[in-house]
Amino acid sequence: MSLPPILQNLRLPVMASPLFIISYPELVIAQCKAGVVGSFPALNAREKDGEPPMLETWLKRITEELDRHNQANPDAPAAPFAVNQIVHKSNARLDRDVELCVKYKVPLWITSLGARTEVYDAAHSCGGFVVHDVINNHFARKAIDKGADGLVAVAAGAGGHAGAQSPLALVSEIREWFDGALLLSGAIGKGDSILAAQAMGADMAYIGSAFIATEEANAVPGYKQMITEAGASDIVYSNLFTGVHGNYLKPSIRNAGMDPDNLETSDPSKMSFKLDESGEREKPKKWKEIWGAGQGIGMVKEVVPTAELVNRLEREYFAARARMDATGPKAANPGYARLSTAEAAAG
Ligand SMILES: Cc1cc2nc3c(=O)[nH]c(=O)nc-3n(C[C@H](O)[C@H](O)[C@H](O)COP(=O)(O)O)c2cc1C
């Protein structure tokens with residue numbers, strides 16, 4: 001088992017991924033109580049100038065609410081939570097946010113956009129376990145060399161800053177040399193796909209877009225609705241909006257007066273996580289309602305409470321497992337069943 005104890009024995013092998021603007025404490029707490037790891041980007045917690053850090057308020061609330069839940073439900077404890085640090089030179093809050101996460105002993109850390117040894121050392125100083133998200137094997141090796149404990153393979157079709165590689169290729173290349181915790185991200189919207197991720201060699205699924213269409217998500221109703229109505233062909237892969245390639249909902253681009261099939265290109269020098277005076281990430285006004293989502297949203301048909309989404313994923317996951325057992329080569333050919341891996345290995 002390549003997972004650390006904190007990620008073993010979850011109700012489902014799922015980490016709900018951090019979503020910029022969307023993952024607020026309501027969603028994170030609902031995800032953890034439903035039995036999957038909940039997470040949020042530290043940058044989502046913003047205070048006005050001169051106010052105490054909102055991140056501290058959030059960490060306190062999440063920790064206390066999950067503790068209370070665990071005391072009341074010792075047989076069905078909440079899953080642990082994770083905080084995402086955007087490790088990018090334009091993130092001026094990084095050091096302060098890392099310090100607060102150490103103070104609150106955040107159990108799981110997710111780093112994206114940059115792998116830095118100091119951040120891994122800080123996480124380890126409070127007993128944290130860190131996964132770093134990568135879009136190819138090269139960045140995966142770099143992150144592990146710098147001290148990350150595990151990896152999130154962000155494959156083609158993922159919401160937000162997605163990779164361009166097939167999950168089959170990415171996971172198998174990483175698994176050639178890495179036997180630690182490996183999560184697969186990208187277009188997972190159904191329990192069957194969680195099982196597929198494990199069959200490929202990943203330990204867990206990392207799911208983002210499906211959680212946008214939940215009651216607890218901090219997204220406007222039009223965004224949630226669009227997720228329930230759109231499918232893979234409604235997603236476009238573009239670097240225009242942040243300088244790095246990501247997947248976006250075409251109808252939201254059309255609503256902003258642009259043609260999603262003829263977008264200009266940009267480059268990484270345009271990327272910025274600076275916040276403007278209203279606490280928003282700096283970007284042109286007309287891009288405000290351009291919404292990110294991955295290709296897996298065809299499986300999301302309605303806005304539901306988070307607990308209900310997790311129930312659906314669980315039902316589908318176990319149904320897929322039963323289907324594989326009932327229809328696999330073992331079932332079709334009882335002779336083959338005797339040739340289990342262990343027997344084959346023993347000769
Ligand atoms: C709207 C949106 C915002 C995101 N914000 C972040 C973020 O702040 N930090 C991060 O590491 N990943 C972010 N992601 C990427 C997700 O964490 C994850 O890799 C992705 O959602 C998984 O693919 P899926 O959406 O197809 O499930 C974002 C994704 C979306 C759709």
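Student: At what angle do helix H7 and helix H10 pack, and how far apart are their axes?

Tutor: Two packed helices are described by the angle between their axes and the distance between those axes. Here helix H7 (residues 191-200) and H10 (306-327) pack at an angle of about 55 degrees, with their axes 6 Å apart. That angle makes H7 oblique to H10, because angles under 35 degrees count as roughly parallel, over 145 as roughly antiparallel, 65 to 115 as roughly perpendicular and the rest as oblique. The axes are lines fitted to C-alpha atoms over the stretch in contact, and the angles run from 0 to 180 degrees between N-to-C directions. Helices (H or I, at least four residues) and strands (E, at least two) are DSSP runs numbered from the N terminus.

Before going on, note that this is a predicted model, in which local features need pLDDT of at least 70 and side-chain atom pairs count only at pLDDT 80 or more, while totals for chains, interfaces and linings use all residues. Residues are numbered from 1 along each chain as its sequence is written.

Student: Which residues of H7 and H10 meet?

Tutor: Two residues are in contact if their C-beta atoms, placed from the backbone, lie within 7 Å. By that rule, Gly191, Asp192, Ile194 and Leu195 of H7 meet Leu313, Glu314, Arg315, Glu316, Tyr317, Ala320 and Arg321 of H10. The contact of H7 with H10 has five nonpolar, one polar and five charged residues, where Ala, Val, Leu, Ile, Met, Phe, Trp, Tyr, Cys and Pro count as nonpolar, Asp, Glu, Lys and Arg as charged, and the others, Gly among them, as polar.

Student: How are H1 and H2 arranged towards each other?

Tutor: Helix H1 (residues 25-34) and helix H2 (residues 54-72) pack at an angle of about 25 degrees, with their axes 10 Å apart, and H1 and H2 are therefore roughly parallel to each other. On the side of H1, the contact is made by Pro25, Val28, Ile29, Cys32 and Lys33, and on the side of H2 by Trp58, Arg61, Ile62, Glu65, Leu66 and His69. These residues divide into seven nonpolar, one polar and three charged.

Student: Is H1 mostly covered or mostly open?

Tutor: A residue is buried if 20 or more other C-beta atoms lie within 10 Å of its own, exposed if 12 or fewer, and partly exposed in between. Nine of the 10 residues of H1 are buried, among them Leu27, Ala30 and Gln31. What covers the buried residues of H1 includes strand E1 (14-16), strand E2 (38-41), H2, strand E3 (81-86) and H10.

Student: Why does Val106 count as buried?

Tutor: Val106 is found in the loop between helix H3 (94-103) and strand E4, and it counts as buried because it has 25 C-beta neighbours inside 10 Å. Leaving aside neighbours within four places in sequence, Val106 is in contact with Leu59, Val83, Cys101 and Gly128.

Student: How many residues surround the ligand?

Tutor: A residue is near a molecule if its C-beta atom, placed from the backbone, lies within 6 Å of it. Here 26 residues surround the ligand, and the closest are Ser17, Gly159, Gly160, Gly208 and Gly294. The shell around the ligand divides into 13 nonpolar, 12 polar and one charged.
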